[in-house]
Every structure is written in structure tokens, then in C-alpha cells.
Amino acid sequence: MSSETPAPLLRIASLTKRFGGFIALDNVSVEIPPGERFGLIGPNGSGKTTLINCISGAFRTEPGTVLFRDEDITALQPHLRTRRGIARSFQIPRPFRSMTVAENLMVALDFAAHEHVSVAKRRDTMMSILTQMGLASKANVSATQLSQVELRKMELARAMATHPKLLISDEAMAGLSSSEVDEVLDLLMSLASHDITIIMIEHIMQAVMRFSDRVMCLDAGRIIAIGTPSEVMANQRVQEAYLGT
Amino acid sequence: MKRNGIAFWIGAALFLAAALLMTKVVSNQYPFFAGYVILQFIALAVAWSILGGYAGYVNFGTSAFFGVGVYSSVFLVKAFGAPLPVQILTAAAIGALMGFALGLLTLRMQGIFFSIATIALTIIIETAVTNWRYVGGAAGIQIQRPPVSALFDNYVQMLFFVQAVLVVLAVAISRYIQNSWIGRGLQALKDDELAAECSGVPTLRLKLLACVISGALLCAVGAPSAMYLQFANPESAFNLNYSVSTLAMSLIGGTAHWSGPIIGAILLGTTQQLLTVTISSEVNVLVLGVMLVLFVVGAPEGIIGLIRRIFRNRNEGRES
């Protein structure tokens, strides 16, 4: 990242999320500058997905605030956050099963559009996203007939169709073969730009190391390390959290 | 798209013309009595499937909406002697409000919980009407038909035509919804509500809209029923059979396309009328149940789904 610090795109302040007596996130604060490739790691159950559910709006948080481009979005419904530029993929893919791949994207293009665009133009955008994702030949195939890696790509494509400024990828590589992991990783790398900030949740360490400008490690709902990938990997608490003591 | 639209409206106009012609040439009154009931069920099934089919929220409260439609007419006739169009429009407005209230209270619940809440609604409203003396209470109330307007020979023929107009209206609305952004949003949230939200679909607002439109139509369809029967009592107006029949017709026809509920309602409605005349009105319910079970097991997507599957198989066969 450049030396002068730009205003953060996303600012999370003292975020806490409880499920009954269980504290899933405990006083988490982090700032993500625009254009950063941000890796989020942590053992199973450490609160990674909970954190992005709080960012994308699937969960309400109490207490704590989420600021996106200097706007407090803590109380906004998920679809309004999507329209402001926060998009996500799901750990377990959630396609619209009754639709084709093209229609899946059209939902996002129809509903998340910031301004009014003609149908023809939306179709063009849809095809160009599918081409970029390598799914052009699958446009008219039912979402139920996709392979696992294609489903992951379609989830990312659908997220891209909302014109995000922040793209959150929740374990988009889980369960894929190593060549497929590289394929999806290259895709994510190609999507990242100054205009699109990416938060990537991943268990595959090589992928996280290669992808991230900065990595944050959660354990039991708390941040135990944050810094460059090599710093975080060298951190003793991170190693303990992953290997157990 | 445009050509489809023209074909649809020509079809609708022909249908209405045929209904009108029928009132001129057929002198036997029975076809109108039976036809009215079939048309009523077509309109109910189409209206139901806007929420139950497109959005996938199974509403067991059809009888609540239908009964409120009946009783809003009863009240308007008794209090003001209101004419039929006023009865229908008022019922639609009340139904829209009821849909809105039901939606606000229950649409945050998903699946079976929503359905149970809609059954509770039926029971609550029926109980309230049963205890409302002004509209006859539990004993029911007789209603005098006003003289028929010049265009028709008798009142039942007019009601038959009015119900045909309601069918066209319901189908036009349902078709519009399916082809518009509302339909795509509902289809998305039916598939996966969270994914829809995260793609920018305002799920709660769309569900409320579906609930309001569906509710308004269900109530409007119920409104002329008071005049049709010249009598209303809570037990028949809020009869759970309306809920079950409507649901069965929509599901058997298939809810993936606006024409599904029409096919289902014609098929089941006609069968019911035939059975009522030839055997007994009780056998109706039995046949309905058996058919529903057969379809849920054999063709869960209804007749529309069955037709689509046959076409797809034939196309694939041709390609290979």
C-alpha cells in the first residue's frame, strides 16, 4: 500500500456479537483501506463468517458500529448494503436453483444497480462478467448443473454483478483441487483493483500468503494478530491457535 | 414479448366475449351456477399463487380472505345497500390492508411457521364474525338481491360474467408480476432468501407486496359470493375447504408459470362440480386429497412442471 494512508473504506469499531451466552465476536475493531487485499484467517469457529455476516448485514450487531465509506451502516438491511457496494459469496454456495447462470446474474444486475441502465446494457455487463469468470459457455445452463468450481465462480460472478466496492469471498476455494484453487485465486487477483477491495476468508495458507496485502487472524472471536502475511505466520499465538498447544 | 402480450389480450377478450355470449344464448341456469364456482376457483388459485407460488410462502388463509370478502359485502349491503362494484372494490381494499397486516406480522417467519400463522388468522377472524350480531352472527344472514341491470336477464348470469372479469384481472396481474422485476425478485427469494438479499433484492418489501396483491384479489373474489348464495354464515364463508382447494389447484396445476393455477383450477373445479352432481359433495374432498397426494409424489412441480419435463426430454433426445 502507498505510504500516505487513505481514508478507510471499511471501519469496524468495537464489534461484538453474542448468540445467547456464546460470544462469537468480542470487541473487534479493524480498518480496511480502499484497494487492499485483506486475508482473514482463523481456526474453525473463530468468528470469521460471523464477522462477514455482520459486515454484509445478515446479522445485527450489538454493540459496535460498521462504517462503510464514512457512512454508518450498522442498522441497514443486507440489500441496502449490497446497493452501497458490499458484495459477498457464501461458504456453501447459494445459487438461485430454479434459474440459469445468466438469470442468477441478472437478479443482481436488476436489483443492485446504482443507476438505471437499459436491459440491453445489463445483458452486456452480464456477458462480460461471465466471460471474465470463464463461465460464458455456461450462461444458459441451469445453476443446478454446475460443477463445484463453476458454482464458486458463479457466486463470485453474481457478487461482481452488484458492482461492489468491497467483495467478500467466504472460502471460495474450500473443497477444490489444487489446480482449481489456483484458478479461483488468479480470478480473485484479477478482480482486485484500486476500486475493488477484497476480503478473502481462506484456510488454504499458500493462497492466503500469495493473495493478501495484510492478514488478520481471529481466534475465539478476538483478533490475535494482524499484519503482513509473513508477520502473522510467524506470530506465536497464531501458530498455537492453528496447531493447538 | 410484445407479440405474447397481444396474443394474451386477444385471448382475454375472446374469453370475456364468450362468457357474455353464453349469458345471451344459454337459457338453462345450471351452467351459470356451476360455471360461477369454477371461475371463482380459477381466480382464487391465480391470486393465491402470487404469494404461495412465486414467493413460495404457502398461505392457508385463503378462507380468511374469502370470508372477509363475503362479509364486507354483507355489511355494505345491509348498512348502505351498496351496489356490486362498490362491494368488490371495498373488499379489495380491505383485503389489501389485511394482506399488509398479515405480512408485517408473519413474513419474518419462514416455511411452515408462516403457514400455521395464516391458519390462526382464519380462526381468529371467523370467531370475530361469529360474534358480530349486526351481520347475523353464528346463525347467518339472508340477503336480498337487487333487480338486475339491463344488460343481463338474471342476477346469476351477471355474477357469472363479473367473476369472468375478475378472472381476467387476476390472470393479467399475475402474468404481469411473473414477467416483471417483481417476479424475478420473488423467484430469487423463493430459491434462497439470504442470497437474494445479498444480491440487492428487498425481500421483505417484495413479500409484503405479494401479500397485499394476493390478499386484495382473494377478498375481491369472495365479495360477489354473498349475492350468489343470497345467504352468508361464518361456517361456510370461512370454510377451510376454500384454503385447501385453492392450494391444491395451484400446486396440481404448477406454480412456476401463471397458467398453472388456471389449469389446476379448471381440472379440479370441473371434477368437483361433476362429482357434486353425480355422487355427493363430500366425495369432492376425498378426490381432492387423493389427487394432491398423487401429484406431490408423482409430479411435485404440477402439470406445468410435467409438461416442461416432457418437452425438455424430447429436445435432449433430438440433440443426441
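Helices here are DSSP runs (H or I, at least four residues), and strands are E runs of at least two, numbered from the N terminus.

This is a predicted model, in which local features need pLDDT of at least 70 and side-chain atom pairs count only at pLDDT 80 or more, while totals for chains, interfaces and linings use all residues. Residues are numbered from 1 along each chain as its sequence is written, and chains are lettered from A and ligands numbered from 1 in the order in which they are written.

**Helix H4 of chain B**
- The buried residues of H4(B) include B:Leu84, B:Ile88, B:Ala92, B:Gly99 and B:Thr106. A residue is buried if 20 or more other C-beta atoms, placed from the backbone, lie within 10 Å of its own, exposed if 12 or fewer, and partly exposed in between.
- These buried residues pack against H3, helix H5 (112–130), helix H6 (155–179), H9 and helix H10 (225–229) of chain B.

**Helix H3 of chain B**
- Helix H3 (residues 62–80) of chain B has 19 residues and reaches 27 Å from its first C-alpha to its last, close to the 27 Å expected.
- H3(B) is largely enclosed by the rest of the structure, because 15 of its 19 residues are buried.
- Just after H3(B), B:Gly81 has a positive phi of about 60°.

**H3 with H4 in chain B**
- The axes of H3(B) and H4(B) come within 9 Å and cross at roughly 135°. Axes are lines fitted to C-alpha atoms, for helices over the stretch in contact, and angles run from 0 to 180 degrees between N-to-C directions.
- H3(B) is therefore oblique to H4(B). Angles under 35 degrees count as roughly parallel, over 145 as roughly antiparallel, 65 to 115 as roughly perpendicular and the rest as oblique.
- Among the residues that meet are B:Phe65, B:Ser72 and B:Leu76 in H3(B) and B:Val86, B:Thr90 and B:Met98 in H4(B). Two residues are in contact if their C-beta atoms, placed from the backbone, lie within 7 Å.

**H3 with H9 in chain B**
- The axes of H3(B) and helix H9 (residues 203–222) of chain B come within 7 Å and cross at roughly 50°.
- That angle makes H3(B) oblique to H9(B).
- Residues of this contact include B:Thr62 and B:Phe66 in H3(B), and B:Leu218 and B:Cys219 in H9(B).

**Two buried residues**
- A:Ile55 lies in helix H1 (residues 48–56) of chain A, and counts as buried with 23 C-beta neighbours inside 10 Å.
- Not counting residues up to four places away in sequence, A:Ile55 touches A:Val66, A:Ile86 and A:Ile168.
- B:Trp258 is in the loop between helix H12 (240–253) and helix H13 (259–278) of chain B, and counts as buried with 26 C-beta neighbours inside 10 Å.
- B:Trp258 touches B:Val171, B:Ser174, B:Arg175 and B:Gln178, again not counting residues up to four places away in sequence.

**Contact between the chains**
- Chain A gives 20 residues to the contact and chain B gives 15 residues.
- Helix H2 (78–84) and helix H3 (101–112) of chain A each supply at least two residues of the side of chain A that touches chain B.
- The largest share of that side, five residues, comes from H3(A).

Technical notes. Expected span 1.5 Å × (residues − 1).
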